[in-house]
Amino acid sequence: MQYQNKSLGKAFDIIESLCKEPQTATELARALGLNQTTLHRFLVTLLESGIIEKLPTNKYRMSYKFIDLGKMAENHYDLVGDSRPFLEALAKTSGESVLISTFHNFSVSYLSKVESSQTVRIVLGPGDRVPSYTVASGKLFLAHLNESLLETYLSSVQLEKKTNYTITEKQALLDELASIREHGYAIDNQEYLIGLKGMAAPIYDSTGTVVAALSVAGVEIRLDPEKTQMIIDQLVNYARKISYTLGWSD
């Protein structure tokens, strides 16, 4: 028989509900189907523990103590370390280089890389920063910016031509970003360097925020349409697995 602590379960229901928005006791009772007396006992316990706080409006919300606990727990997740086995597996099956990157000040920063087994390899690696609009991972990040941040980026960046394939028109880039959001992955075909082709899929944290990109990059002549699609399928799958290790749930 599976043992369940119903009281603990109800406490978590209250916490989950308050994480969404501050609520009064009446609103909580209605949302969770609890009577006022039962709910009051839970609220008193949570208030005494410092996990929640009561506002002058009589609404309850999660406290800074709870936020601090979340940040402490987040430190247990090591993006580079936890993702390494997935990078190695993808590099082995794809035969191409695999990278993890993040996004800072509208630029892509590469954190980790597993090299291709091929003699001819790409030159990007940890520590390198590249213009976002020229590579798959960068376009992926841009596609997930909110409208205000994206407009800030587009108004501050000059879309310079790196190769003949670089997107240099604002509307063309916006169309590309819309396509990325629709399909769930990004591709660049020699837009940063001639001969370099890349694909990227999003990595989400526990809040559903895109915090990193998993990408495969290789020499364009090796990546015909059939192999590209095969790698994309694997890439999306591994990106989801890494997201799960960070607490994401779809």
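Q: Where does S83 lie?
A: S83 lies in helix 5. Helices here are DSSP runs of H or I with at least four residues, strands are E runs of at least two, and both are numbered from the N terminus. One heads-up: this is a predicted model, where local features need pLDDT of at least 70, side-chain atom pairs count only at pLDDT 80 or more, and totals for chains, interfaces and linings use all residues. Residues are numbered from 1 along each chain as its sequence is written, and side-chain values use heavy atoms, leaving out hydrogens and water.

Q: OK, is S83 buried or exposed?
A: S83 counts as buried because its relative accessibility is 0%. Buried means under 20% relative accessible area, exposed means over 50%, and partly exposed is in between (1.4 Å probe, protein chains only).

Q: And what is S83 in contact with?
A: Setting aside neighbours within four places in sequence, S83 is in contact with D78, I100 and I242. Contact means heavy atoms within 4.5 Å.

Q: How many Å apart in space are S83 and T45?
A: From C-alpha to C-alpha, S83 and T45 are 38 Å apart, and they are 38 residues apart in sequence.

Q: Which helix axis comes within 10 Å of the axis of helix 5?
A: That would be helix 9 (residues 225–245), whose axis crosses that of helix 5 (residues 79–94) at roughly 160 degrees. The axes are lines fitted to C-alpha atoms, for helices over the stretch in contact, and angles between N-to-C directions run from 0 to 180 degrees.

Q: So are helix 5 and helix 9 roughly parallel or antiparallel?
A: Helix 5 and helix 9 are therefore roughly antiparallel to each other. For the wording, angles under 35 degrees count as roughly parallel, over 145 as roughly antiparallel, 65 to 115 as roughly perpendicular, and the rest as oblique.

Q: Is the crossing of helix 5 and helix 9 right-handed or left-handed?
A: Right-handed, as helix 5 passes helix 9. A crossing is right-handed if the near helix is turned clockwise from the far one by less than a right angle, and left-handed if anticlockwise.

Q: Which residues make the contact?
A: On helix 5 they are L79, D82, S83, F86, L87, A89, L90, T93 and S94, while helix 9 brings K227, M230, I231, Q234, L235, Y238, K241, I242 and T245. The residues of this contact divide into 10 nonpolar, five polar and three charged. Nonpolar covers Ala, Val, Leu, Ile, Met, Phe, Trp, Tyr, Cys and Pro, charged covers Asp, Glu, Lys and Arg, and the others, Gly among them, count as polar.

Q: What does L90 touch?
A: Not counting residues up to four places away in sequence, L90 touches G95, V98, L214, V216, Q234, L235 and Y238. L90 counts as buried because its relative accessibility is 0%.

Q: New topic: at what angle do helix 7 and helix 8 pack?
A: Helix 7 (residues 147–156) and helix 8 pack at about 145 degrees, with axes 12 Å apart. Their crossing is right-handed. The contact is made by L150, E151 and L154 of helix 7 with K170, L173, L174 and L177 of helix 8, and its residues divide into five nonpolar, no polar and two charged.

Q: Where is N164?
A: N164 is in the loop between helix 7 and helix 8. N164 counts as exposed because its relative accessibility is 66%.

Q: How many residues of helix 6 are buried?
A: Eight of the eight residues of helix 6 (residues 136–143) are buried, so the rest of the structure largely encloses that helix.

Q: Which residues other than glycine have a positive phi?
A: Among them are N58, with phi near 75 degrees, and Q190, at about 65 degrees. Most residues other than glycine have a negative phi. N58 is found in the loop between strand 1 (52–54) and strand 2 (60–62), and it counts as partly exposed at 44% relative accessibility. Q190 lies in the loop between strand 6 (186–189) and strand 7 (196–204), and counts as buried at 10%.

Q: Last one: what pLDDT does the protein chain average?
A: The chain averages 87, and 90% of the residues score at least 70. pLDDT is the predictor's confidence in each residue, from 0 to 100. Among the elements of the chain, helix 4 (residues 64–74) has the lowest mean pLDDT, 70, and helix 8 (residues 170–183) the highest, 96.
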